[in-house]
Amino acid sequence: MATVQSSPDMSLASPLPVKQEASEIDIMALTMAALRLVSPWSVEKKPKWSTKIVPGAPEARDRILTLAEISHHDTRDDCWVVIYDRVYDISTFLYEHPGGDEIMLEYAGRDASTAFRSSGHSKMALKALDRFLVGELPMHERMYRRPGGIRLSDMPE
(Lines give C-alpha, C1' and ligand atoms only; values in the text may rest on other atoms or scores of the structure.)
Protein backbone atom coordinates (compact mmCIF):
# COMPACT_ATOMS: atom_id res chain seq x y z
CA MET A 1 0.00 0.00 0.00
CA ALA A 2 1.38 3.41 -0.99
CA THR A 3 1.50 6.32 1.44
CA VAL A 4 1.79 10.00 0.66
CA GLN A 5 4.28 12.04 2.59
CA SER A 6 4.91 15.75 2.54
CA SER A 7 8.04 17.52 3.60
CA PRO A 8 7.92 19.01 7.11
CA ASP A 9 8.93 22.49 5.85
CA MET A 10 5.93 22.71 3.49
CA SER A 11 2.86 24.53 4.90
CA LEU A 12 -0.56 24.84 3.29
CA ALA A 13 -1.89 28.36 2.81
CA SER A 14 -5.14 29.28 4.54
CA PRO A 15 -8.00 29.89 2.07
CA LEU A 16 -8.90 33.11 3.92
CA PRO A 17 -6.46 35.65 5.30
CA VAL A 18 -6.30 35.39 9.06
CA LYS A 19 -5.52 38.45 11.16
CA GLN A 20 -2.78 38.05 13.72
CA GLU A 21 -4.27 40.41 16.32
CA ALA A 22 -7.12 39.04 18.41
CA SER A 23 -8.79 42.46 18.71
CA GLU A 24 -9.52 42.70 14.96
CA ILE A 25 -12.46 40.74 13.56
CA ASP A 26 -12.23 39.42 10.04
CA ILE A 27 -15.75 40.08 8.71
CA MET A 28 -15.27 37.88 5.67
CA ALA A 29 -14.16 34.90 7.73
CA LEU A 30 -17.04 35.41 10.14
CA THR A 31 -19.56 35.62 7.28
CA MET A 32 -18.22 32.48 5.63
CA ALA A 33 -18.40 30.61 8.93
CA ALA A 34 -22.02 31.71 9.40
CA LEU A 35 -22.94 30.65 5.86
CA ARG A 36 -21.61 27.19 6.53
CA LEU A 37 -24.12 26.88 9.40
CA VAL A 38 -27.16 28.52 7.77
CA SER A 39 -27.64 28.70 4.04
CA PRO A 40 -29.69 31.79 3.05
CA TRP A 41 -30.88 29.89 -0.04
CA SER A 42 -32.60 27.24 2.04
CA VAL A 43 -35.04 29.63 3.73
CA GLU A 44 -38.56 28.80 2.61
CA LYS A 45 -40.76 31.63 1.46
CA LYS A 46 -44.25 31.56 2.90
CA PRO A 47 -46.82 31.60 0.10
CA LYS A 48 -49.14 34.60 0.01
CA TRP A 49 -52.19 32.36 -0.47
CA SER A 50 -52.91 28.88 0.70
CA THR A 51 -52.27 26.22 -1.92
CA LYS A 52 -55.97 25.35 -2.06
CA ILE A 53 -58.32 28.21 -2.74
CA VAL A 54 -61.18 27.95 -0.29
CA PRO A 55 -64.41 29.57 -1.54
CA GLY A 56 -65.76 32.24 0.78
CA ALA A 57 -62.51 32.60 2.76
CA PRO A 58 -61.83 36.09 4.19
CA GLU A 59 -58.72 36.61 2.04
CA ALA A 60 -60.70 35.96 -1.17
CA ARG A 61 -61.48 39.67 -1.62
CA ASP A 62 -57.73 40.40 -1.82
CA ARG A 63 -56.88 37.57 -4.21
CA ILE A 64 -56.35 38.63 -7.84
CA LEU A 65 -57.11 36.05 -10.55
CA THR A 66 -56.69 36.69 -14.27
CA LEU A 67 -59.11 35.57 -16.97
CA ALA A 68 -56.37 33.25 -18.26
CA GLU A 69 -56.25 31.47 -14.88
CA ILE A 70 -60.02 31.31 -14.64
CA SER A 71 -60.34 29.76 -18.12
CA HIS A 72 -58.67 26.57 -16.81
CA HIS A 73 -61.58 25.99 -14.42
CA ASP A 74 -64.24 24.91 -16.90
CA THR A 75 -65.33 21.40 -15.93
CA ARG A 76 -68.07 19.91 -13.74
CA ASP A 77 -65.54 19.14 -10.99
CA ASP A 78 -63.85 22.54 -11.18
CA CYS A 79 -66.24 25.28 -12.34
CA TRP A 80 -65.41 28.97 -11.88
CA VAL A 81 -67.35 31.92 -13.29
CA VAL A 82 -66.91 35.69 -13.24
CA ILE A 83 -69.88 37.81 -12.21
CA TYR A 84 -69.45 41.59 -11.92
CA ASP A 85 -65.63 41.24 -11.93
CA ARG A 86 -65.62 38.82 -9.01
CA VAL A 87 -64.60 35.17 -9.39
CA TYR A 88 -66.76 32.41 -7.92
CA ASP A 89 -66.10 28.67 -7.55
CA ILE A 90 -69.56 27.21 -8.15
CA SER A 91 -68.47 23.57 -8.46
CA THR A 92 -70.43 22.50 -5.38
CA PHE A 93 -73.52 24.48 -6.44
CA LEU A 94 -73.93 23.07 -9.96
CA TYR A 95 -76.44 20.37 -9.03
CA GLU A 96 -78.37 22.63 -6.63
CA HIS A 97 -78.95 25.39 -9.18
CA PRO A 98 -82.72 25.74 -9.88
CA GLY A 99 -82.08 26.34 -13.59
CA GLY A 100 -79.93 23.22 -13.92
CA ASP A 101 -76.21 22.70 -14.27
CA GLU A 102 -76.07 22.94 -18.07
CA ILE A 103 -76.58 26.70 -18.17
CA MET A 104 -73.86 27.19 -15.56
CA LEU A 105 -71.44 24.92 -17.41
CA GLU A 106 -72.01 26.98 -20.55
CA TYR A 107 -70.27 29.89 -18.80
CA ALA A 108 -67.67 27.84 -16.90
CA GLY A 109 -64.27 29.53 -16.97
CA ARG A 110 -65.75 32.74 -18.45
CA ASP A 111 -67.63 35.92 -17.59
CA ALA A 112 -71.27 35.16 -16.78
CA SER A 113 -72.34 38.68 -15.72
CA THR A 114 -74.72 39.26 -18.64
CA ALA A 115 -76.36 35.84 -18.29
CA PHE A 116 -76.69 36.29 -14.52
CA ARG A 117 -78.28 39.71 -14.92
CA SER A 118 -80.59 38.82 -17.80
CA SER A 119 -82.04 35.77 -16.05
CA GLY A 120 -83.53 37.98 -13.33
CA HIS A 121 -81.69 36.78 -10.24
CA SER A 122 -82.82 38.34 -6.97
CA LYS A 123 -80.65 40.36 -4.59
CA MET A 124 -80.74 37.35 -2.29
CA ALA A 125 -79.18 35.19 -5.04
CA LEU A 126 -76.46 37.79 -5.47
CA LYS A 127 -75.81 37.82 -1.72
CA ALA A 128 -75.66 33.99 -1.73
CA LEU A 129 -72.69 34.16 -4.12
CA ASP A 130 -70.45 35.43 -1.29
CA ARG A 131 -69.89 31.91 0.02
CA PHE A 132 -68.43 30.90 -3.37
CA LEU A 133 -66.08 33.90 -3.78
CA VAL A 134 -62.46 32.98 -4.57
CA GLY A 135 -61.06 36.28 -5.90
CA GLU A 136 -61.40 39.29 -8.17
CA LEU A 137 -60.15 40.24 -11.62
CA PRO A 138 -57.14 42.54 -11.98
CA MET A 139 -58.06 46.18 -12.63
CA HIS A 140 -57.09 46.07 -16.33
CA GLU A 141 -59.49 43.12 -16.98
CA ARG A 142 -62.49 44.52 -15.15
CA MET A 143 -65.62 45.82 -16.86
CA TYR A 144 -67.72 46.97 -13.88
CA ARG A 145 -65.63 47.70 -10.79
CA ARG A 146 -63.15 50.20 -12.19
CA PRO A 147 -62.98 53.92 -12.91
CA GLY A 148 -64.95 54.60 -16.08
CA GLY A 149 -66.42 51.09 -16.10
CA ILE A 150 -70.00 50.04 -16.78
CA ARG A 151 -72.34 51.37 -14.08
CA LEU A 152 -75.38 49.41 -12.96
CA SER A 153 -77.89 50.78 -10.48
CA ASP A 154 -78.36 47.48 -8.65
CA MET A 155 -74.81 46.14 -8.83
CA PRO A 156 -73.50 45.06 -5.40
CA GLU A 157 -70.54 46.83 -3.80
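Contact means heavy atoms within 4.5 Å. Keep that in mind. Among contacts in this protein between residues at least 6 apart in sequence, 65% join residues at least 24 apart.

A word on the source. This is a predicted model, where local features need pLDDT of at least 70, side-chain atom pairs count only at pLDDT 80 or more, and totals for chains, interfaces and linings use all residues. Residues are numbered from 1 along each chain as its sequence is written, and side-chain values use heavy atoms, with hydrogens and water left out.

Now the layout. The protein has 5 helices and 3 strands. These are DSSP runs numbered from the N terminus: helices are H or I with at least four residues, strands are E with at least two. Along the sequence, the pattern reads α-α-β-β-α-α-α-β.

Next, the surface. The accessible surface is about 11800 Å², computed by the Shrake-Rupley method with a 1.4 Å probe; for residues, only the protein chains shown count as cover. Carbon and sulfur atoms hold 59% of that surface. Of the 157 residues, 29% are buried. Buried means under 20% relative accessible area, exposed over 50%, partly exposed in between (1.4 Å probe, protein chains only).

On to the rings. How many aromatic pairs does the structure hold? It holds 3. Rings of Phe, Tyr and Trp (its six-membered ring) pair if their centres lie within 6.5 Å; planes under 30 degrees apart are stacked, over 60 edge-to-face, the rest tilted. Take Tyr84 and Phe116. Their ring centres are 6.4 Å apart and their planes sit at 85°, so this pair is edge-to-face. Tyr84 is in the loop between strand E1 (80–83) and strand E2 (86–89), while Phe116 is in helix H4 (residues 113–118), 32 residues apart. Phe116 is buried, at 11% relative accessible area. Tyr84 is buried too, at 4%.

Tyr84 has another partner, Tyr144. Here the centres are 5.3 Å apart and the planes at 90°, so this pair is also edge-to-face. Tyr144 lies in the segment after E3, 60 residues from Tyr84. Tyr84, Phe116 and Tyr144 form one aromatic cluster.

Last stop: Glu136. It is in strand E3 (residues 133–136). Is Glu136 buried or exposed? Glu136 counts as buried, because its relative accessibility is 10%. Beyond its neighbours within four places in sequence, its contacts include Ile64, Leu65, Asp85 and Arg86.
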